[in-house]
Amino acid sequence: MTDATDSRQPGDHLFDVEEMELNFGPQHPATHGVLRLKLKIDGERIVGCYPIIGYLHRGTEKLFELHPFFQNVPHTDRMDYVAAATNNLAYVGAVEKLVGLTVPPRADWIRTILCELQRISSHLLWLATHAIDIGAMTPFFYTFREREVILDLFEEYCGARLTLNCMRPGGQPYDLPVGWVEKCRAFCEEFPERIEEYEGLLTENRIWKRRTIGVGVLDPEVALDYGVTGPMLRGSGIGYDVRKARPYAAYDQVEFDVPVRHNGDTYDRYLVRMEEMRQANRIVLQGLEKLPEGPLMAKRPRVMKAPKEGESYYSVEGPKGEIGFYIVGQGKPEPYRCHVRAPSFINLQALPDMVEGALMADLVAVIGTTDIVLGEVDR
Amino acid sequence: MSDRDPERPDAKGDAPSEDAAKSPGGDDGAEAGGEAPQEDAAQAEAAAKAKAEAVAQAKAAAAEKARLAREAKAREEAAKPAWERDPATPEWEDADDPLARALKEELGEALLSARTYAGDLTLGVERGAVRELARSLKERHGFRLILDVCGVDYPDRDPRFEVVYHVYDIQTDRRVRFKVEVGEDEEVPSVVSVWRGADWPEREVWDMFGVRFAEHPDMTRILMWEGFEGHPLRKDFPVEGIDTGSAIYPEYYEDEAGPVAGTGTGWKPQPPPTTDE
């Protein structure tokens with residue numbers, strides 16, 4: 001094939017090529033919403049990636065300024081709409097910090113239980129869609145079976161399945177209904193077996209490993225530089241978790257481990273999230289065990305006014321990373337400014353770094369592992 | 001509450017003490033008058049003195065009683081769990097903090113203030129020194145994670161905007177907030193060269209508030225589309241939105257077509273179709 005006049009080097013193209021621009025999304029099932037990526041590709045290889053967002057921008061931060069503190073809780077449901085409880089907690093926590101309220105212990109424990117159930121349900125949705133993106137159909141049916149149970153538990157508690165609106169500044173609006181604790185315990189006791197089922201389908205699956213190991217590697221330095229948090233950061237070997245670093249609600253009274261993996265690839269992030277589900281399950285069981293009796297709501301003024309020029313930043317560990325609220329008061333029942341530190345928005349910045357040089361087919365795996373919710377990215 | 005009352009019995013403490021003083025005093029006077037009307041002045045004086053003493057004693061006793069009651073109430077309040085007490089609203093305090101002192105030494109006058117609110121250290125910094133502060137926080141003090149950059153609009157103030165940064169040290173679990181004030185036509189030095197994670201949040205601040213960041217690698221809109229006019233999170237931007245139809249994009253829309261502000265759905269209501277042909 002080669003002769004003396006051939007000047008090609010190994011790896012050179014056999015024929016003239018030019019880079020092609022390709023639009024990926026905003027309408028594409030693998031973008032998990034309305035993410036649009038402007039890609040520059042060289043054959044199957046991605047050489048450039050530029051995310052374009054904002055297709056789901058609803059001006060939530062502007063809406064926050066219009067409504068009193070209590071009426072803003074439903075807005076937070078609609079940001080990360082698959083993990084409303086953690087959004088609620090971050091928001092009410094910021095208001096409580098700003099106003100100086102102390103939450104009764106029973107309310108703290110109920111919040112902890114709800115947030116951990118929410119973490120499980122969010123990770124289950126992530127696993128289902130991530131696996132479907134890569135081509136494994138079965139986990140979807142398995143995970144949605146358990147997610148349904150969790151959503152039923154939420155429905156029984158607050159009447160809603162996704163947009164929970166289940167917390168108020170100062171405490172919890174309702175007590176757990178009769179029989180809820182038993183139902184939740186029954187679920188938690190059988191859930192570890194279910195995780196084994198999902199892992200049995202994927203963890204040692206040769207195709208799954210080939211599609212995820214070494215794909216979308218995120219260097220710990222790069223991850224930190226981009227401000228990435230949550231399972232993305234812990235998959236890269238940095239064990240920062242808000243629940244351990246600055247315990248809120250009842251997290252200082254429960255035992256749990258923070259899983260950390262060191263390769264920073266899609267497979268490691270998968271393992272981190274699987275272990276997180278086990279730990280969340282463990283926390284829920286402890287919560288049901290230790291749930292104290294007592295009041296649900298702190299003594300709070302009828303019209304809650306934030307101090308003028310007072311400001312607070314409060315963050316919790318959401319399923320996707322650190323979700324924080326920065327609220328500025330103005331001496332009125334409405335906040336002057338309410339800014340959301342949305343983990344998906346910040347984590348998505350690292351996407352170009354992870355996909356440049358990868359194959360087109362790996363792009364969907366990387367988008368899946370980033371675990372973004374566009375409602376939160378665009379707010 | 002209880003520390004100021006022994007000297008200054010309040011109205012509640014006074015009322016029973018006067019009652020207590022009057023009744024024994026009145027009885028004394030009646031007896032003295034009945035026995036000997038021509039008693040000498042010294043005796044009358046002694047009686048008055050005794051009366052005054054009795055009043056004072058009764059007053060003191062009542063004050064003591066009131067003080068005890070108040071102390072008991074305060075104890076009761078303190079014994080109450082925190083969630084049954086009134087909210088303890090935090091206040092701004094000057095920070096006496098090693099980090100703030102170290103930064104003051106490094107930056108000098110450029111570090112305008114160091115205060116805490118609800119336990120969070122908040123630094124005020126001059127606009128020109130933002131990157132210097134950022135670099136120092138990251139490289140000397142270990143704040144390697146940038147959490148957030150956001151803007152706040154104060155139309156009545158001069159300069160008008162505030163840009164607020166939150167940074168985090170994952171080694172010591174410490175969070176610091178720093179702020180810079182910026183006017184309408186001014187630029188803030190971008191900190192993307194320090195933390196790459198500031199890239200999108202800074203673009204969001206430009207998009208939402210119209211604050212530009214100098215030396216930002218890609219200072220374009222992020223949530224609104226390129227070509228949109230206005231900055232939605234400014235306080236003077238109408239909540240119902242602005243016309244994005246033919247009024248401002250005549251090249252895209254025919255006359256009176258396209259989304260119109262304040263019409264609820266965003267589209268101008270069409271007249272109902274006429275039934276007669």
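How many bridges join β1(B) to strand β2 of chain B, and do the two run parallel or antiparallel? In this predicted model, β1(B) and β2 (residues 111-117) are held by 2 bridges and run antiparallel. One of the residues involved is E93(B), whose bridge partner in β2(B) is T116(B).

That pairing belongs to a bigger picture. Chain B contains an open sheet of 6 strands, and reading across it gives the order β1-β2-β3-β6-β5-β4, with mixed pairing. At the edges sit β1 (93-94) and β4 of chain B, each of which pairs on one side only. Counting everything in chain B, there are 5 helices and 8 strands, and along the sequence they come in the pattern α-α-β-α-β-β-α-β-β-β-β-α-β. Chain B has 277 residues, of which 28% are buried. As for contacts in chain B with a separation of 6 or more, 49% of them link residues 24 or more positions apart.

Helix α4 (residues 130-139) of chain B lies across β3 (120-125), β5 and β6 (174-182), and its direction is at about 170° to that of β6(B). Helix α5(B) also packs on the sheet, where it touches β4 and β5 of chain B and makes an angle of about 10° with β4(B).

So what surrounds α5(B)? Just past the helix, G210(B) has a positive phi of about 80°.

The neighbour from chain A leads on to the meeting of the two chains. Here 36 residues of chain B are in contact with 42 residues of chain A. On the chain B side, β4 (145-153), β5 (161-169) and α5 (199-209) each supply at least two residues, and β4(B) gives the most, with 6. Sorted by class, the chain B side has 23 nonpolar, 3 polar and 10 charged residues.

A few spots in the backbone of chain B are worth a look. Most residues other than glycine have a negative phi, and most peptide bonds are trans. A118(B) is not a glycine, yet its phi is positive, at about 50°. This alanine is in the loop between β2 and β3 of chain B, and it counts as buried because 21 other C-beta atoms lie within 10 Å. E215(B), in the segment after β8 of chain B, also has a positive phi, near 65°. With 12 C-beta neighbours inside 10 Å, however, E215(B) counts as exposed. The loop between β4 and β5 of chain B holds P159(B), and the peptide bond leading from D158(B) to P159(B) is cis, with omega near 0°.

Over in chain A, helices α6 (residues 180-202) and α11 (residues 266-290) pack with their axes 10 Å apart, at an angle of about 160°. The two are therefore roughly antiparallel to each other, and α6(A) passes α11(A) in a left-handed crossing. Among the residues making the contact are C188(A), F191(A) and I195(A) of α6(A), and M277(A), V284(A) and L288(A) of α11(A). By class, this contact has 11 nonpolar, 1 polar and 3 charged residues.

Technical notes:
Residues are numbered from 1 along each chain as its sequence is written. Chains are lettered from A and ligands numbered from 1 in the order in which they are written. This is a predicted model: local features need pLDDT of at least 70, side-chain atom pairs count only at pLDDT 80 or more; totals for chains, interfaces and linings use all residues. Axes are lines fitted to C-alpha atoms, for helices over the stretch in contact, and angles run from 0 to 180 degrees between N-to-C directions. Helices (H or I, at least four residues) and strands (E, at least two) are DSSP runs, numbered from the N terminus. Angles under 35 degrees count as roughly parallel, over 145 as roughly antiparallel, 65 to 115 as roughly perpendicular and the rest as oblique. A crossing is left-handed if the near helix is turned anticlockwise from the far one by less than a right angle, and right-handed if clockwise. Two residues are in contact if their C-beta atoms, placed from the backbone, lie within 7 Å. Ala, Val, Leu, Ile, Met, Phe, Trp, Tyr, Cys and Pro count as nonpolar, Asp, Glu, Lys and Arg as charged, and the others, Gly among them, as polar. A residue is buried if 20 or more other C-beta atoms lie within 10 Å of its own, exposed if 12 or fewer, and partly exposed in between; C-beta atoms are placed from the backbone. Two strands pair if DSSP finds at least two bridges between them.
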